[in-house]
Amino acid sequence: MLHNIRIVLVETSHTGNMGSAARAMKTMGLSNLFLVNPLVKPDSQAIALAAGASDIIGNATLTDTLDQALEGCALVVGTSARSRTLPWPMLEPRECGVRSVQASRQAPVALVFGRERVGLTNEELQKCHYHVAIPANPEYSSLNLAMAVQILSYEVRVAHLDAQRAGEPPFEPSAYPLTDDLERFYQHLEETLLHTGFIRQSHPGQVMNKLRRLFTRARPESQELNILRGILSSIEKGPGER
């Protein structure tokens, strides 16, 4: 299951952080590192700070966009250290580990970490099913990137060991769509709302962001998503074409 857990670092600016994150991963049995548009490519400093986890750096997947790093994932959790104007379903780190291990039995899971200084953008966070915030000391909550990776990797390992001790349940295909299918649905929904005039291209406002939050909170299953896509197609055709 741990091989299905992706640690995704977005636009990392210091190669040393890549190495330290790789070391944090390997100590917890994780090995699947994705680097999204890193500002600098992994170098000798990354290898040095990996301290024996250079294989994770060497096998890291580099992508140009976050969407590419999330392809095929059944669950995406984004790290957020600050409150947002549009609240999102939240997880505690312990629950994040449990859900990640459960979902990883069916398909890859992505734990997404943002830039060292500013974290993830609102748009990037809206691609996540849940957000997770580490409840650090409010008087000094400064966690560097590798520390955050270490904490969530630890929670994943604890959940994995608990699952092993309890005995793995029989495999059942996931009822939930992959992130790729959800993104196609959101694109279809926006195109339909533009076509009907419900939203305007020049003044879209927050409608799509709020609809993303609504469907993220509802977590529709694959069959339900197919029904919604069918409704959208029906609207596009109009009464005369049905």
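The lining of the largest cavity is made up of seven nonpolar, four polar and four charged residues. In this count Ala, Val, Leu, Ile, Met, Phe, Trp, Tyr, Cys and Pro are nonpolar, Asp, Glu, Lys and Arg are charged, and the others, Gly among them, are polar. The model is predicted: local features need pLDDT of at least 70 and side-chain atom pairs count only at pLDDT 80 or more, while totals for chains, interfaces and linings use all residues. Residues are numbered from 1 along each chain as its sequence is written, and side-chain values use heavy atoms, with hydrogens and water left out.

Rolling a probe the size of a water molecule over the atoms shows where empty space is left. On a 1 Å grid over the protein atoms alone, a cavity is a set of points where a 1.4 Å probe fits but cannot get out, whereas a pocket is an open set with protein on both sides within 12 Å along at least five of seven lines; lining residues have an atom within 4 Å of a point. Grid points are joined across faces, edges and corners, and the space filled by probe spheres set on the points is the volume.

The structure holds two cavities of 30 Å³ or more. The largest cavity contains about 140 Å³ of space. It is lined by 15 residues, and those closest to its centre are Lys 127, His 129, Leu 182, Tyr 186 and Thr 216. Helix H8 (179-196) and helix H9 (207-218) each supply at least two lining residues; here helices (H or I, at least four residues) are DSSP runs, numbered from the N terminus. H8 gives the largest share of this lining, four residues. Domain 1 (2-166) and domain 2 (179-237) each contribute at least three residues to the lining of the largest cavity, with domain bounds taken from an automatic or database domain assignment.

H8 and H9 meet at an angle of about 135 degrees, their axes 11 Å apart. Axes are lines fitted to C-alpha atoms, for helices over the stretch in contact, and angles run from 0 to 180 degrees between N-to-C directions. H8 and H9 are therefore oblique to each other, given that angles under 35 degrees count as roughly parallel, over 145 as roughly antiparallel, 65 to 115 as roughly perpendicular and the rest as oblique. Their crossing is right-handed; a crossing is right-handed if the near helix is turned clockwise from the far one by less than a right angle, and left-handed if anticlockwise.

H8 also packs against helix H10 (residues 222-237), at about 25 degrees and with the axes 10 Å apart. That makes H8 roughly parallel to H10, and H8 passes H10 in a left-handed crossing.

Turning to the open sites, the largest pocket holds about 570 Å³ of space. Of its 22 lining residues, Thr 79, Ser 80, Ala 81, Leu 143 and Ala 148 are the closest to its centre. Its lining divides into ten nonpolar, seven polar and five charged residues.

The second largest pocket has a volume of about 250 Å³. Twelve residues line it, and Gln 102, Ala 103, Ser 174, Tyr 176 and Arg 219 lie nearest its centre. Helix H5 (residues 93-103) gives the most to this lining, with three residues.
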